Amino acid sequence: MKSFLIDRYAKGGALRLSESPEPELRVNDVMVEIRAAGVNLLDNKIRDGEFKLILPYRLPLVLGNDVAGVVVRVGANVRQFKPGDEVYARPAQDRIGTFAEYIAVDATDVAMKPTNLTMEEAASMPLVALTAWQVLVDKAKLRRGQKVLIHAGSGGVGTIAIQLAKHLGAYVATTTSTANVALVKSLGADVVVDYKKDDFEKVLKGYDVVLNSLGKDTLEKSLAVLKPGGKLISISGPPDPDFARQNGSGWLLRQVMRLLSSGIRRKSKRRSISYSFLFMTANGGQLEEITSLIEAGVIRPVIDRVFPFERTNEALDYVETGRAKGKVVVSVR
């Protein structure tokens with residue numbers, strides 16, 4: 001099968017188009033013929049080697065973390081899917097590889113594709129929608145009437161998180177650039193801070209939750225927005241000791257993560273705010289709940305561009321510019 005892979009970690013390096021063997025189908029897997037794959041900044045970061053300590057991949061590695069396609073075979077233990085089913089998924093972090101013609105995915109990580117979405121639209125959803133769900137529902141336990149700040153509202157996670165937070169009954173603020181103010185308002189944002197004109201930490205006060213997807217400066221400034229008892233949840237780091245334990249990291253790596261997050265944890269504690277890091281995980285059950293919301297019209301995908309499969313490297317380059325509104329997708333077949 002054709003696939004795009006990396007032979008070594010290299011910042012900004014191009015993926016190599018190659019003929020790879022079809023993946024092994026395990027007894028609990030479904031084999032998916034890939035129709036479309038979402039492109040995420042995570043793919044760039046893996047390629048650059050940013051996660052090689054916490055995600056020890058064996059190279060060469062086929063990249064890609066979002067998939068929509070058709071089931072062609074199922075493992076001996078699989079009962080919930082059959083050949084011909086249209087599905088979508090975020091494969092488990094140790095089994096990525098959606099920039100290819102086929103992928104084998106554990107059936108528990110898969111869900112039926114929303115009937116009202118195209119393959120390209122469906123492929124844009126799993127990673128960002130699961131991230132938004134795991135931050136707002138699982139970690140934040142966001143409730144009706146609470147106030148949440150979602151940074152980078154026009155990005156892949158932001159566009160879905162705004163819609164989910166509104167569905168949960170929250171009052172939603174977001175940050176974006178002038179060009180994207182209308183987009184985030186159309187998604188339901190109650191307050192929009194144009195970062196080119198205003199400093200969010202001076203405008204917003206008394207928030208219950210902040211979802212951070214940006215750098216260290218934004219992370220630390222977000223403390224000023226939160227009230228005592230508030231929750232600062234970051235998907236861009238630094239990893240905290242809880243994540244290190246959940247990830248099964250060794251003693252040395254746990255100490256490194258403890259050190260990396262010590263500054264923000266100390267500053268948070270001083271303000272009676274909890275800090276946590278989230279690296280989203282595959283979850284077919286949660287994806288089924290997200291499917292229900294998509295089919296009900298509560299959440300809609302936001303897609304900036306669709307690239308043909310042979311231009312996967314261009315898609316990665318475009319994502320890296322940070323200018324994409326919503327998601328970028330590769331159409332595989």
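A charge sits over a ring if NZ of Lys or CZ of Arg is within 6 Å of the ring centre and within 35 degrees of the ring normal. The exercises below apply this and related criteria to a predicted model.

**Exercise 1. Which rings lie under Arg333 and Arg305, and at what distances from the ring centres?**

Solution. Start with Arg333, which lies over the face of Tyr102. Its distance from the ring centre is 5.5 Å, and the cut-off is 6 Å. Next take Arg305: its charged end sits over the ring of Tyr318, at 4.0 Å from the centre.

**Exercise 2. Classify the ring pair Phe4 and Phe309, and state where each residue is placed.**

Solution. A pair of aromatic rings is described by the distance of the centres and the angle of the planes. Rings pair if their centres lie within 6.5 Å, and planes over 60 degrees apart count as edge-to-face. The model has three aromatic pairs by this rule. For Phe4 and Phe309 the centres are 5.2 Å apart and the planes stand at 80°, so the pair is edge-to-face. Phe4 belongs to strand β1 (residues 2-6), while Phe309 is in the loop between β15 (303-308) and α11 (312-320). The two residues are 305 residues apart, and the pair links distant parts of the chain.

Then check burial, for which the cut-off is under 20% relative accessible area. Phe4 has 2% relative accessibility and therefore counts as buried. Phe309, at 8%, also counts as buried.

**Exercise 3. In what order do the six strands of the open sheet run, and which strands stand at the edges?**

Solution. The order is β11-β10-β9-β12-β13-β14, with parallel pairing. β11 (191-194) and β14 each have a single partner strand, so one side of each is left without a neighbour in the sheet. These two strands are the edges. On average, neighbouring strands are turned by 15° against each other, direction ignored.

The bridge partner of Thr175 in β11 is Val193.

**Exercise 4. Describe helix α4: its place against the sheet, its span and its burial.**

Solution. Helix α4 (residues 156-167) lies across β9 (147-150), β10 and β12 (207-212), and runs at about 170° to β9. From first C-alpha to last, the 12 residues of α4 reach 18 Å, close to the 16 Å expected at 1.5 Å a residue. Of the 12 residues, 10 are buried, so α4 is largely enclosed by the rest of the structure. Among the buried residues are Val157, Ile160, Gln163 and Leu164. After α4 comes Gly169, which has a positive phi near 90°.

**Exercise 5. Is Ser222 buried or exposed, and which residues is it in contact with?**

Solution. Ser222 is in the loop between α7 (216-221) and β13. Its relative accessibility is 0%, so Ser222 counts as buried. Leaving aside neighbours within four places in sequence, Ser222 is in contact with His151, Phe200, Val210 and Leu232.

Methods: Residues numbered from 1 in each chain as written. Predicted model: local features only at pLDDT ≥ 70, side-chain atom pairs only at ≥ 80, totals over all residues. Heavy atoms only, no water. Phe/Tyr/Trp six-rings, centres within 6.5 Å; stacked < 30°, edge-to-face > 60°. Helix = DSSP H or I, 4+ residues; strand = E, 2+ residues; numbered from the N terminus. Buried < 20%, exposed > 50% of the residue type's maximum accessible area, 1.4 Å probe, protein only. Pairing = 2+ DSSP bridges. Axes fitted to C-alpha atoms, helices over the stretch in contact; angles between N-to-C directions. Contact = heavy atoms within 4.5 Å. Expected span 1.5 Å × (residues − 1).
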